[in-house]
Amino acid sequence: MGPNRTQVAIIGAGPSGLLLGQLLHKAGIDNVILERRSGQYVLSRIRAGVLEQTTADLLDEAGVSARMHREGLLHDGIELSFGGARHRIDLRALTGGKQVVIYGQTEVTHDLMDARSAFGGATIYEADDVVPHDFDSNTPFVTYRREGIAHELRCDFIAGCDGYHGIARASVPEESLKTYERVYPFGWFGILCEGPPSSDELIYARHDRGFALISTRSANVQRMYFQCDPKDSVDNWSDDRIWAELHARVDSHDGQHVKDGKIFQKNIVGMRSFVSATMQHGRLFLAGDAAHIVPPTGAKGMNLAVADVRLLTKALNAFYVENRSDLLERYSETALKRIWRAEHFSYWMTSMMHRIEGASPFEQQLQVAELEYVTTSRSAATVMAENYVGVAVPQD
Ligand code: FAD
Ligand code: DHB
């Protein structure tokens with residue numbers, strides 16, 4: 001039997017929900033997380049891998065970063081590959097010393113789950129039919145079923161951290177919702193493989209056959225992606241065919257090539273840009289993928305989720321400790337500044353790096369001209385670097 005009253009009811013135990021739960025707990029604010037899936041299922045989803053420094057700093061603040069510091073990989077730069085050659089963007093030199101940390105979303109989630117168990121935080125996994133109610137009043141509540149039994153959780157606030165397909169945004173009256181969307185006609189094929197890294201830094205490759213990305217997880221596990229038809233099936237791709245495609249797209253003229261390994265995971269994801277400019281309705285607040293989606297090219301998805309959670313925690317804390325609701329009232333407006341910056345960056349990176357079916361030779365040359373500019377002009381490279389490591393927006 002779960003609790004029937006809390007201060008903040010959180011829907012979703014992805015990175016947003018778990019981190020919000022952790023930060024609220026640290027601030028002395030009681031919370032309960034309701035998650036549709038099992039904990040094991042949540043941990044089996046392989047997703048993002050790049051943490052901005054501000055994300056890593058917030059994990060420090062949340063007290064969940066010890067393993068990230070031990071196992072995460074600090075990167076000072078990225079490589080852009082096009083026309084058969086590689087060009088380095090020195091993130092650190094161009095941003096006054098900022099770096100990114102390569103540490104899988106699964107690991108972040110794992111660390112947050114461990115921390116939650118350690119303080120005995122309530123997480124109701126396999127909660128069915130979660131529905132938020134009365135959030136336009138001061139007495140909202142959430143109903144759900146667990147093993148067929150109906151439950152009701154009363155609360156002061158509801159946090160919708162339940163991803164793009166969740167129930168929170170879908171519960172906001174349609175006439176109050178303002179959304180923006182762009183769906184891309186391509187997807188990413190992702191693999192995890194055992195083997196050594198192909199490069200010291202991530203490689204983002206533009207090739208006439210399509211985009212590819214060489215990333216990493218550790219000295220022995222590598223993460224790679226290549227552009228594909230979003231409707232394709234992993235069953236159409238033998239290991240040999242995958243390696244041939246990665247070699248064709250990423251190997252350079254000067255003999256640097258992708259290192260093959262034993263593939264143990266394959267998945268295909270679609271690509272979308274989406275913003276719900278309504279991130280709050282009464283006492284319901286949306287955070288992370290529930291409110292916005294970026295195509296993964298700029299590695300911003302999880303970082304944006306974490307930035308929302310940081311703002312929401314601050315606003316809830318101001319409400320409970322100082323009896324102020326102005327930060328809660330401004331939550332959407334404040335969060336959207338960072339979100340639109342990241343939306344533009346992700347769209348720009350995606351448009352510059354991918355093969356666009358039906359693009360004219362003129363448009364293809366424009367992609368190359370832009371890449372040449374970014375890799376030869378310090379000002380243009382700085383635009384890429386400061387967005388990649390994470391832009392500080394005025395309200396931060
Ligand atoms: P989620 O991680 O989606 O978590 C939401 C949680 O809510 C889930 O656990 C879900 O089960 C739960 N939930 C949903 N509906 C309900 C309900 N009705 N009731 C209760 N619980 C519910 N970003 C990158 O930067 N790089 C990548 O390579 C990358 N790959 C991605 C691949 C995929 C398939 C997806 C979907 C996203 C990817 N992202 C990537 C984005 C990044 O993973 C997300 O931005 C990040 O997971 C957002 O975290 P979140 O907690 O807001 O949402
Ligand atoms: C990874 C994912 C990304 O979307 C990206 O831009 C860089 C790295 C990764 O999963 O490692």
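Predicted model: local features only at pLDDT ≥ 70, side-chain atom pairs only at ≥ 80, totals over all residues.
This report walks through the cavities, a pocket and the charged contacts of the structure shown above.

Residues are numbered from 1 along each chain as its sequence is written, chains are lettered from A and ligands numbered from 1 in the order in which they are written, and side-chain values use heavy atoms, with hydrogens and water left out.

## Empty space inside

Rolling a probe the size of a water molecule over the atoms shows where empty space is left. On a 1 Å grid over the protein atoms alone, a cavity is a set of points where a 1.4 Å probe fits but cannot get out, while a pocket is an open set with protein on both sides within 12 Å along at least five of seven lines; lining residues have an atom within 4 Å of a point. Grid points are joined across faces, edges and corners, and a volume is the space filled by probe spheres set on the points.

Searching the whole structure turns up three cavities of 30 Å³ or more. The largest cavity has a volume of about 90 Å³. Its lining includes E52, K300, R338, R341 and F345. Two elements, α9 (301-322) and α11 (331-353), each give two or more residues to this lining, and the largest share, four residues, comes from α11. Helices (H or I, at least four residues) and strands (E, at least two) are DSSP runs, numbered from the N terminus. By class, the lining of the largest cavity holds five nonpolar, three polar and four charged residues. Here Ala, Val, Leu, Ile, Met, Phe, Trp, Tyr, Cys and Pro count as nonpolar, Asp, Glu, Lys and Arg as charged, and the others, Gly among them, as polar.

The second largest pocket holds about 270 Å³ of space. It is lined by 13 residues, and R209, C228, D229, R355 and E357 are the closest to its centre. Helix α8 gives the most to this lining, with three residues. The lining has four nonpolar, two polar and seven charged residues.

## Salt bridges

A salt bridge is a side-chain nitrogen of Lys or Arg within 4 Å of a carboxyl oxygen of Asp or Glu, and the whole structure has 19 of them.

| Pair | Closest N to O distance |
|---|---|
| D90 and R88 | 3.4 Å |

E245 is buried, at 8% relative accessibility, whereas R209 is partly exposed, at 47%. Buried means under 20% relative accessible area, exposed over 50%, and partly exposed in between (1.4 Å probe, protein chains only).

R88 is partly exposed, with a relative accessible area of 43%, and D90 is partly exposed too, at 27%. E201, by contrast, is buried, at 14%.

## A buried arginine

R169 sits in helix α7 (residues 167-171). This residue is buried yet has no salt bridge, and the nearest side chain of opposite charge, D162, is 6.9 Å away. For such charges, Lys and Arg count as positive and Asp and Glu as negative; His and the chain ends are not counted. A polar atom of the R169 side chain does lie 3.1 Å from the backbone oxygen of Y164.

Notes:
Polar contact = N/O pair within 3.5 Å; in protein donor to acceptor, adjacent residues only side chain to side chain.
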